[in-house]
Amino acid sequence: MSVERRASMTVHAPGSLATVQDLGRPGYAALGVTRSGAADRPALRLANRLVGNAESCAAIEATFGGLRVEFDAPTLLALTGAPLPAALNGRAIGMHGPVWAEAGEELSLGLPALGLRTYLAVRGGIAVPPILGSRSTDLLSGLGPAPLVEGTRLPLGPRPEDWPVVSQAPVAPLPEIPVLRLHPGPRDDWFDPEALRLLCTSDYEVTEQSNRVGLRLAGPPLRRRVSRELPSEGMVRGAIQVPASGLPVLFHVDHPVTGGYPVIAVVDEDDLPAAAQVRPGGLLRFRLATGPG
Amino acid sequence: MRNPDAEPDADASPPTEAGRHATAPPESSDPASTPASPADASVPTTAPRPAVHRVGRGALLVELDDLTQVQALHHSLTADRPEAVDEIVPAARTVLISFDADRLAADRLITELRSRDLSPVPNREGTLVEIPVSYSGPDLGEVAELTGLSEQDVVRRHCGREYRVAFCGFAPGFGYLVGGDPLLTVPRRETPRVRVPGGSVAVADEFSAVYPRDSPGGWRLLGRTELALWQTDRPEPALLTPGDRVRFREVR
């Protein structure tokens, strides 16, 4: 009986940044390890569902398109997230649905018209060795596989028994300017009463210094009422931390687990995927969350 | 790895009666009783102690008086972890608790947190880790100068106490150790080093630490250990986890 040969794909070009991501490594924050994982988690989950994978399988997170990969075996793939033109050996393919690639074919991604992060899931998932239960690349701690470079060969996992059940998923278009709901605190009382109002009524620009660790925002600075130092405390994804400059930083998937600047408010978890799709130069708006919590 | 149900050791210093109950309000933890109003939760002047702040929908930040209380709450929560709690992150004055908001109401968790015993963790509880150190760090002389001690005295005092891992941060497996000799309290370097070698044993402010791997850093380097502080291919990747006890031993 012959052992099934493991299929793989080889990176020909990574684009500006491409990493392997799954749903991250929860449970290690007390050791200084952040959760990491896909920045736009619903997009990762959808991509996996479209090829019949478990939602937690590892896929490629391509930042601002430009990725080119070759498959060494026939493979079912799906693209989700930031919409972009894509082609298999020059033949245009669509997003948000399963697509069959033959052995030796090259998938190439163009540049997204809107949004930042596109997910490529392949049937069986990417089977690099997990670190602390996850295959995600954590750019802050340096855990997980290195960002993809030309020549990186990625093994694919065994094919699942399930088959995809949809051929095309309806997806809402990305908003031009996402509006993120805020839960004030835990340190809103360290700020001028005006600060939260300012945050909720101004446009903030996502600057070039933004990455998976944090989105550094430019806009009206938020003034503090309490000027003493804050002893470092635990931080969550979505926290809006305000350093001495007054310019807020929105903590992203690879955020440090503790921080020494006060957090004025936290973005609602459900709105973080929209924040993950804003590219440098793009705008964000905030408003107070209503209802319980 | 540790037995959370172990009886406090007989010769550990007993908590004072006042300390044991002062911070636990006589509030019912019966879920059927009126839950604490979320509006009250973050107003420390009127709310019951400790103050609990909401952090988005899925986390709470408990603000405590000192590191001893932080260690006590962390100890209590890891020994008897409330259901649906994902992460418990101790820090200098706070414990961050994140939870699944679909399975656990924040008000209920706040009530539960306020019922926890905040008396000091008995000295003998927690895994003891011994770290062999070769005390030949580049800042040993400077620390001696800053403290007015001889180099041998700095080493003797650094080895002379039992430390506890208060919390982790900065990098995976970097533990902040407390309980050291107060005479060894020195400020960080004015200019941090671009590269501190992994295994460096260092002091800054009231803390000691071991750098888990090469990284930038501004602490003063006393020596070096061969032990692997962080290894992802073992079941417990971090050698030092919050609550562990630590002793440094000089090797030549």
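Predicted model: local features only at pLDDT ≥ 70, side-chain atom pairs only at ≥ 80, totals over all residues.

Colleague: How much area do chain A and chain B bury between them?

Modeller: The size of an interface is often given as the accessible area lost when the parts come together. Here chain A and chain B bury about 2400 Å² between them, and 62% of that area is on carbon and sulfur atoms. On the side of chain A, the residues losing the most area to chain B are Ala30(A), Leu31(A) and Pro186(A), which together account for 24% of what that side buries. The contact draws 31 residues from chain A and 31 residues from chain B.

Colleague: How many salt bridges are there between chain A and chain B?

Modeller: The count is 3. In a salt bridge between Asp270(A) and Arg57(B), the side chains meet at 3.3 Å, N to O.

Colleague: Which residues have the most contacts inside the largest nonpolar core?

Modeller: They are Leu60(B), Val95(B), Ile97(B), Leu109(B) and Trp219(B), in a core of 35 residues. Another core, of 30 residues, lies apart from it and includes Ala7(A) and Leu156(A).

Colleague: Which residues line the largest cavity?

Modeller: The lining includes Pro186(A), Glu233(A) and Met235(A), together with Val55(B) and Leu61(B). By class, the lining has 7 nonpolar, 1 polar and 1 charged residues. The space in this cavity is about 40 Å³, and the count of cavities of 30 Å³ or more is 1.

Terms used
Residues numbered from 1 in each chain as written. Chains lettered and ligands numbered in written order. Heavy atoms only, no water. 1 Å grid on protein atoms, 1.4 Å probe; cavity = no way out; pocket = protein on both sides within 12 Å on 5 of 7 lines; lining within 4 Å. Points joined across faces, edges and corners; volume = space filled by probe spheres on them. Nonpolar A, V, L, I, M, F, W, Y, C, P; charged D, E, K, R; others polar. Core = buried A, V, L, I, M, F, W, Y, C linked by side-chain atoms within 4.5 Å. Buried < 20%, exposed > 50% of the residue type's maximum accessible area, 1.4 Å probe, protein only. Contact = heavy atoms within 4.5 Å. Buried area = accessible area lost by both parts, 1.4 Å probe. Salt bridge = Lys/Arg side-chain N within 4 Å of Asp/Glu carboxyl O.
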